[in-house]
Amino acid sequence: GDGQWGGLAAAEGRMSVALEGAGASLEQTVQGFSAGWPYALTFHAAAAAPAHPEPVLQVRVLGSAGLLAEANVSLGAALEARRVEFAPSEERVLVRFAALHEGVAVLLDAVAVEALAC
C-alpha cells in the first residue's frame with residue numbers, strides 16, 4: 001500500500017494501474033469469444049484520495065458494431081470487486097476503462113473475463 005494511493009494494497013499481485021484525472025483511460029482488445037455467449041468482465045476498483053465528491057469509473061465493452069455494455073461505477077476508498085456482463089456478437093471486443101473526473105486517481109486491478117453459463 002503506497003501512501004500516494006491512499007495506502008491501498010493491490011487486490012491481486014503487487015501492483016495496480018492508476019488512471020489519473022478526467023479522460024485517463026486504459027483499453028485492450030480481447031479475443032477468443034463465442035458469439036452470443038454471455039461473459040462477465042470482473043475487476044477491482046477504488047478512488048485514491050478523491051477530490052471529487054462522487055468519483056466514477058466508466059467501463060465500456062465494444063464490438064465492431066458498437067457498444068455491447070457500459071457501466072458508470074461509483075467508487076469508494078477501498079478496492080471493491082465489480083462486474084459488467086456482456087454478450088459479444090463476434091470473436092473479439094474492446095474493453096475500455098476511463099476516469100471521468102479531474103482530481104481523482106482511479107486504481108484498477110485484477111481485471112478478468114469469464115464465460116457464464118447460458
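Which residue forms a salt bridge with E80? The partner is R82, with the closest N and O atoms 3.7 Å apart.

This is a predicted model, in which local features need pLDDT of at least 70, side-chain atom pairs count only at pLDDT 80 or more, and totals for chains, interfaces and linings use all residues. Residues are numbered from 1 along each chain as its sequence is written, and side-chain values use heavy atoms, leaving out hydrogens and water.

**View 1. F33 and F86 form an edge-to-face aromatic pair.** Their ring centres lie 5.6 Å apart, with 75° between the planes. (Rings of Phe, Tyr and Trp, the last by its six-membered ring, pair if their centres lie within 6.5 Å; planes under 30 degrees apart are stacked, over 60 edge-to-face, the rest tilted.) F33 sits in the loop between β2 (25-31) and β3 (39-48) and F86 in strand β6 (residues 80-86), so the pair ties together parts 53 residues apart in sequence. (Strands are DSSP E runs of at least two residues, numbered from the N terminus.) Both F33 and F86 are buried, meaning under 20% relative accessible area, with exposed over 50% and partly exposed in between (1.4 Å probe, protein chains only). Together with Y39, they form one aromatic cluster.

**View 2. E27 and R96 meet in a salt bridge.** Here the closest N and O atoms are 3.3 Å apart. (A salt bridge is a side-chain nitrogen of Lys or Arg within 4 Å of a carboxyl oxygen of Asp or Glu.) E27 in strand β2 and R96 in strand β7 are 69 residues apart.

**View 3. E85 and R83 join their side chains in a salt bridge.** The N to O distance is 3.1 Å. R83 is partly exposed, at 45% relative accessible area.

Notes:
Helices (H or I, at least four residues) and strands (E, at least two) are DSSP runs, numbered from the N terminus.
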